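Please look over the sequence and the structure that follow, and then read on with both of them at hand. The paragraphs after them go from one site to the next.

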Amino acid sequence: MIVVMKISATKEDLDNVCKRAEELGFTPHVIYGKERNVVGLVGITGNREEAFMIENYSGVDKVVPISKPYKLASREVKQENSVIDVNGVKFGARDISVIAGPCSVESERQIIMVAEHVKVAGAKMLRGGAFKPRTSPYAFQGLGEEGLKLLAKAREITGLPIVTEVVNPVDVDLVYKYTDMFQVGARNIQNFALLTMLGQAKKPVLLKRGMSTTIDEFLMATEYILSEGNRDVVLCERGIRTFETSTRNTLDISAIPVVKSKSHLPIIVDPSHAAGHWGYVSALSRAAIACGADGLIIEVHPEPEKAMSDGSQSLNPTQFISLMGEIRAIAIAVGRYM
Ligand code: PEP
Ligand code: MN
C-alpha cells in the first residue's frame, strides 16, 4: 500500500508517517515526486488494517492499496518517469543513451580500440563482459578481474562510464570496485540472492529480462532490488525465446510500451542478443527507438570474425557509425535527442 502525501505536507508530517509505518511492521520507502511525495509501505509482516488509519495523520491525502504484485516498480507508486543517472549518463530523460562495446573484454588493445571508436560515434557508455555466463562450460568464461582492470583503463582514457556483468553473488564487491553500473544477465534474472545483494549495493543496475520471463516476473525481479533500497534500476529487453529459429531470440518490442505503462523505470533494448546476427541489429534498433525505448546496448567489436564470444551479432566500428546515424534520425522524429 502507499500513503499519498498532500502537496502542503511538511518534512515532519513525512517523518511521522514513516515512523508509524515502522511501528506497524513495514519498511517505508519515500518516493519523491514532482507533484506529490508518496510513502510505499513494504513488507509482509506489516499490519495493513492499522495502516489505513494513517489517513488521519497530518499532511496525508490518502492511503491506497497497490493492486499489482510489484510495488515500488509500479506506476501506481510513481506516476512520472524515473531518470536514472549513471555518472552523468541519463536513462529515462529526453536523451537516448547508447551503450556499446564488445561482448567480452579480450585484451587491452581490443577494449581500448572499441572504446575510442564507440565514443567518437556517440556512445555514452562502454560495455564489456569480464565474467561471462556461457551456455557451455568449455567456452571462454571471461578475463575476470583482469578484464575489470582493462575496462577501468578504457574509462580512464575515454571518460566513458562502464557497465559489466556480475554473475556470481560472491563477486559483487569485486565488480563494485571497478564498475559504474552492474549488469544482471538474462540467465540471472531470478537469482534472488544476487538481486538482493545488488539492492544493497550503492550503484545502478542494468537488469536484463530473462529469455523466458513474463513482464510481470521481470518487474517482480526488479522489486527485489528496489525493496532493498536501490532505486537505480534500468530495465533491458533483450529478446525472448519463441518457436522462431531464424533469429537467436525474438525481440519483444511490445515489452517497451507494456513496461512503460506498468512501471516508471526506464527501459532500453539489446538488439544484438535478440537478433543473434549483425545484419538485423540496425533495423531492430530503429524499431526500438521508434517504439519509445530510452536507449540501446549494442555489441561492437573491432574484428567481429575474431571475437571470443558473440562475434556473429557484433557490429564492426563502421557499421556502428551508420547505426548511430540511422537511430539519430528516428530519435528526432519521435521527439527525443541523442
Ligand atoms: C551479454 O550482454 O553479453 C549477455 C550475456 O547478455 P544476456 O544476458 O542478455 O544473454
Ligand atoms: Mn554477448
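**Around the two ligands**

Ligand 1 is surrounded by Cys 103, Arg 127, Lys 132, Gln 183, Gly 185, Ala 186, Arg 187, Lys 208, Arg 238, His 273 and Glu 299, where a residue counts as near a molecule if one of its heavy atoms lies within 4 Å of it. This is a predicted model, in which local features need pLDDT of at least 70, side-chain atom pairs count only at pLDDT 80 or more, and totals for chains, interfaces and linings use all residues. Residues are numbered from 1 along each chain as its sequence is written, chains are lettered from A and ligands numbered from 1 in the order in which they are written, and side-chain values use heavy atoms, with hydrogens and water left out.

Sorted by class, the shell around ligand 1 holds 6 charged, 3 polar and 2 nonpolar residues; here Ala, Val, Leu, Ile, Met, Phe, Trp, Tyr, Cys and Pro count as nonpolar, Asp, Glu, Lys and Arg as charged, and the others, Gly among them, as polar. Oxygen atoms of ligand 1 have polar side-chain atoms beside them: one from Arg 127 at 2.8 Å, one from Gln 183 at 3.0 Å, and an N or O atom of Lys 208 at 2.9 Å. On its own ligand 1 has 300 Å² of accessible area, of which the protein covers 97%; such areas come from the Shrake-Rupley method with a 1.4 Å probe, and for residues only the protein chains shown count as cover.

Why is Lys 208 called buried? Lys 208 has a relative accessible area of 4%, and buried means under 20%, exposed over 50% and partly exposed in between (1.4 Å probe, protein chains only). Its side chain also makes a polar contact, at 2.7 Å, with the side chain of Asp 270; a polar contact is a pair of N or O atoms within 3.5 Å, and within protein one must be able to donate a hydrogen and the other to accept it, while residues adjacent in sequence count only if both atoms are side-chain atoms.

His 273, in helix α9 (residues 271–275), and Asp 310, in the loop between β14 (295–299) and α11 (317–333), are 37 residues apart, and the pair links distant parts of the chain.

Both His 273 and Asp 310 are buried, and Asp 310 has a relative accessible area of 18%. The phi angle of Asp 310 is near 55°, a positive value in a residue other than glycine. In helix α9 we also find Ser 272, which is buried with a relative accessible area of 0%, and whose side chain reaches the backbone nitrogen of Glu 299 at 3.0 Å.

Notes: Helix = DSSP H or I, 4+ residues; strand = E, 2+ residues; numbered from the N terminus.
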